[in-house]
Amino acid sequence: MNFDTIIRKTEKLSEGIYLIRLHSARIASKAVPGQFVNVRCSDGLNAYLRRPISICRVDRKNNTVDIVFMNRGKGTNLLCSFAQGDTLDAMGPLGNGFTLPKEKERIAVVGGGIGVFPLLYLLEESHCACKTAFLGFRTKEAIVLQDAFHRTAQKLVIATDDGSYGTNGLITAPFMAWLEAERPDRVYSCGPAPMMKIVARACVQKGIFCEVSMEQRMGCGIGACLVCACKVQDGDDYQYAHVCKDGPVFPAERLIF
Amino acid sequence: MNLSVNFAGLKLKNPVIAASGTFGFGREFSNFFDLNRLGGISVKGLTLEPRKGNPPPRIAETPGGILNSVGLQNPGVHAFIREEIPFLRQFDLPIIVNIAGNTPEDYCAMAEILSEADIDAIELNVSCPNVKKGCLLFGSTPEGVSEITAVVRKVCKKPLIVKLTPNVTDITQTAKAAEASGADCVSLINTLLGMAIDIEKRKPILANTMGGLSGPAVKPVAVRMVYQVSKEVKIPIIGMGGISNGEDAVEFLLAGASAVMVGTAGFVNPGVWVETAEGIEAYMKKHGFGKVSELTGALQE
């Protein structure tokens with residue numbers, strides 16, 4: 001079974017954040033915002049499992065797919081050593097994507113850290129009346145793809161944890177203030193769980209359509225091994241859904257944070 | 001070349017079976033390859049009633065393997081019969097149903113129900129390390145294995161496979177107990193109980209603290225156990241533990257297995273089942289074997 005793609009470009013976006021541009025008609029032709037690819041970082045036994053990485057951008061004309069990841073362990077560290085021209089084994093696209101907005105709708109995305117990448121893809125594929133992006137980063141140096149977000153969104157709000165750029169503190173504060181004044185048709189969120197919890201809860205309370213993209217340690221990436229469990233409502237009870245197959249994008253009201 | 005194997009009342013077109021717990025009920029991997037290429041499937045472990053499973057994280061990566069603590073999340077035996085058998089019967093594929101329970105009564109109830117269902121064999125899971133009650137408790141002693149095997153045997157009208165745990169001092173004792181109590185076959189090994197720690201957080205990686213180790217790391221232990229068991233029992237053995245290719249599978253066959261199960265390697269390479277069967281065939285051609293059964297126990301000592 002062959003999932004080979006050719007690496008067209010690699011780029012360090014900021015400290016510890018890397019972009020790989022894959023050439024793959026298979027992935028580019030099928031991918032939708034919110035989906036991921038499951039890549040093999042080594043042929044050997046070190047970093048044995050594949051690593052799920054979200055898709056940040058797709059260029060259908062040139063059959064390229066950008067994936068962005070943070071170097072935060074054995075597998076992603078090996079991925080950093082891949083270079084232009086190398087072959088990368090990437091299964092996918094996998095998982096369920098976001099529900100795209102309709103033409104006249106107004107949407108907001110709320111992203112934190114590496115959670116911003118699938119949201120860029122979503123914004124670029126959303127052809128709707130108004131797009132607002134709320135992005136949170138640790139510090140000014142960690143801000144990535146600001147120009148790309150600026151081009152696709154009518155309004156861009158950035159917050160940094162240390163106040164070195166934009167709003168000082170968590171991105172949920174300016175988002176919540178905005179939500180008091182505005183009533184968007186759809187809100188999408190991806191990033192740290194505490195952030196998504198606040199966004200999801202606020203939207204559910206106000207009856208605003210909201211989808212969030214979850215993360216969990218995965219095994220197979222296709223729904224067979226059942227390890228990437230995520231707690232969801234099941235009537236008055238709960239059950240475990242699986243991030244790779246049932247998600248990674250879930251309706252906010254379904255999740256139990 | 002003919003890769004078929006015939007043992008314990010099972011007819012497999014090749015000796016490579018998808019291992020329980022790694023393959024769901026086949027739906028997901030059917031998007032990646034033709035399930036008709038499998039020798040058989042052992043489905044995700046079932047219990048009498050649906051189970052939610054353990055909280056996440058349920059997986060930790062370790063050198064050459066993984067720890068899992070899924071905890072038998074499954075829809076229950078009735079939903080399996082209603083919803084999954086019709087799907088699997090679209091394929092020319094023997095269905096082995098892996099069952100687990102808290103009590104001997106649970107196992108018997110499931111064996112009775114499944115004896116009337118359109119399936120090919122029952123695999124008694126007395127070796128899951130990830131649930132609090134039953135299961136591994138029965139599998140850890142020869143007496144426990146005898147008790148469960150004997151009571152299930154009385155009501156089970158299908159070929160009965162007992163899946164053994166490696167978490168014992170001497171696996172030949174539990175294997176012999178299974179044989180003496182009426183098992184048609186033993187399968188081994190289930191996962192090795194293990195643990196991994198996040199030293200930054202000073203916490204276990206798995207929410208359940210401990211989990212079952214599988215993958216290439218366990219292969220030498222598994223081959224050794226198959227070898228030991230083959231010396232002590234006459235019933236056929238299905239070998240498993242860390243198989244990633246045909247060469248690995250041949251090791252198990254030479255050690256005494258009649259067939260193999262492959263699981264964890266499929267997470268990395270969904271082609272592993274087909275490639276393993278092809279690899280066995282290539283080995284047989286190279287070494288002049290006409291039948292897979294000629295490989296079983298053909299170790300030169």
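**View 1. A salt bridge between B:Glu61 and A:Arg51.** In this close-up, the side chains of B:Glu61 and A:Arg51 meet in a salt bridge, with N to O at 2.8 Å. Please keep in mind that the model is predicted. Across the interface of chain B and chain A, the rule finds 3 salt bridges, along with 12 residue pairs in polar contact, both residues at pLDDT 80 or more.

**View 2. The side of chain B that touches chain A.** Helix H1 (27-30), strand S5 (59-62), strand S6 (65-68) and helix H9 (265-268) of chain B each give two or more residues to this side. H9(B) gives the most, with 3 residues. By residue kind, this side of chain B divides into 17 nonpolar, 12 polar and 6 charged.

**View 3. The area buried between chain B and chain A.** Here 35 residues of chain B are in contact with 29 residues of chain A. The buried area is about 2,800 Å², and carbon and sulfur atoms give 65% of it. In chain B, the residues that lose the most area to chain A are B:Lys52, B:Glu61 and B:Val268, together 25% of what that side buries.

**View 4. Domain 1 and domain 3 within chain A.** The domain assignment of chain A gives domain 1 (4-94), domain 2 (98-213) and domain 3 (214-257). The contact between domain 1 and domain 3 takes 8 residues from domain 1 and 9 residues from domain 3. Their buried area is about 640 Å², with 61% from carbon and sulfur atoms.

**View 5. A salt bridge between A:Glu215 and A:Arg72.** The closest N and O atoms of A:Glu215 and A:Arg72 are 2.8 Å apart in this salt bridge. On the domain 1 side that touches domain 3, strand S3 (36-39) and strand S6 (87-94) of chain A each supply at least two residues.

Definitions and conventions:
Residues are numbered from 1 along each chain as its sequence is written. Chains are lettered from A and ligands numbered from 1 in the order in which they are written. This is a predicted model: local features need pLDDT of at least 70, side-chain atom pairs count only at pLDDT 80 or more; totals for chains, interfaces and linings use all residues. Side-chain values use heavy atoms; hydrogens and water are left out. Contact means heavy atoms within 4.5 Å. Buried area is the accessible area (1.4 Å probe) that two parts lose on being put together, summed over both. A salt bridge is a side-chain nitrogen of Lys or Arg within 4 Å of a carboxyl oxygen of Asp or Glu. A polar contact is a pair of N or O atoms within 3.5 Å; within protein, one must be able to donate a hydrogen and the other to accept it, and residues adjacent in sequence count only if both atoms are side-chain atoms. Helices (H or I, at least four residues) and strands (E, at least two) are DSSP runs, numbered from the N terminus. Ala, Val, Leu, Ile, Met, Phe, Trp, Tyr, Cys and Pro count as nonpolar, Asp, Glu, Lys and Arg as charged, and the others, Gly among them, as polar. Domain bounds come from an automatic or database domain assignment.
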